[in-house]
Amino acid sequence: KARQEHKTLKREAKRTGKALEIVKTVALKTQQQLEYHVSSVVTNAQEAVFDDPYGLVIEFVERRGKTECDIWFERDDNRYNPIAGTGIGAVDVAAFALRVASWSLDKSTRNCLMLDEPFRHIKGQMANRRALEMVQQVSYELGLQIIVVSDERAPREDIVAAADKVFEVSKAGNSSQVREVPK
């Protein structure tokens, strides 16, 4: 009886080992696809806004028995820590693109993103105009409604041109006044 049980356990261990290898292979392929998808979305967003853009590099690494994700900006074969080694405007654009990439991976969510000053650290009128155009293009191509709260870092005419609707909110006494800005 013990020999039979030992034989059964060996067979189960072998099957479990094979199953684990299959899971690892599927996980690796999924990570590679995710790496490609997210990197390309973020890199394209950077290219749409900046003249000398960073690319995004994602690396899945195993640490302490768990898979972790390292994220780097890359330019001219040099890697940079996005927070410490680059301008915050580039991080703003990457954060927007990461939200879009994340949304695109789970279509069960609503087709709406609400963002509060997503590009507050982008400097320069041209870069801000390009960011608005990029948001407009992403919205149209993905069928994604994007609601952005902004303090007008770009000229108002650029905002109006890039948006379907623009609302101006002002405070009058203890209440907010909302009016649609005409196109």
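Visitor: How many residues does H1 have, and what does it reach from its first C-alpha to its last?
Guide: This is a predicted model in which local features need pLDDT of at least 70, side-chain atom pairs count only at pLDDT 80 or more, and totals for chains, interfaces and linings use all residues. Residues are numbered from 1 along each chain as its sequence is written, and side-chain values use heavy atoms, with hydrogens and water left out. H1 has 48 residues and reaches 69 Å, close to the 70 Å expected at 1.5 Å a residue, where the expected span is 1.5 Å times one less than the number of residues. Helices (H or I, at least four residues) and strands (E, at least two) are DSSP runs, numbered from the N terminus.

Visitor: Which residues in H1 are buried?
Guide: They are Gln31, Val38, Ser39, Val42, Thr43, Ala45, Gln46 and Val49, with buried meaning under 20% relative accessible area, exposed over 50%, and partly exposed in between (1.4 Å probe, protein chains only).

Visitor: And what do those pack against?
Guide: The buried residues of H1 pack against strand E1 (55-63), strand E2 (66-75), H2 and H3, contact being heavy atoms within 4.5 Å.

Visitor: At roughly what angle do the axes of H1 and H3 cross?
Guide: The axes of H1 (residues 2-49) and H3 (residues 125-142) cross at roughly 135 degrees and come within 8 Å; axes are lines fitted to C-alpha atoms, for helices over the stretch in contact, and angles run from 0 to 180 degrees between N-to-C directions. That makes H1 oblique to H3, since angles under 35 degrees count as roughly parallel, over 145 as roughly antiparallel, 65 to 115 as roughly perpendicular and the rest as oblique.

Visitor: Which residues meet there?
Guide: Ala45, Ala48 and Val49 in H1 meet Ala127, Arg130, Ala131 and Met134 in H3.

Visitor: Staying with H3, which of its residues are buried?
Guide: In H3, the buried residues are Ala127, Asn128, Ala131, Met134, Val135, Val138 and Ser139. They cover an arc of only 130 degrees around the axis, which puts them on the same side of H3; the arc is that of the directions from the helix axis to the C-beta atoms.

Visitor: What covers them?
Guide: The cover includes H1, helix H2 (88-105) and strand E5 (145-149).

Visitor: New topic: is asparagine 174 buried or exposed?
Guide: Asparagine 174 is exposed, with a relative accessible area of 83%, and lies in the loop between strand E6 (166-172) and strand E7 (175-181).
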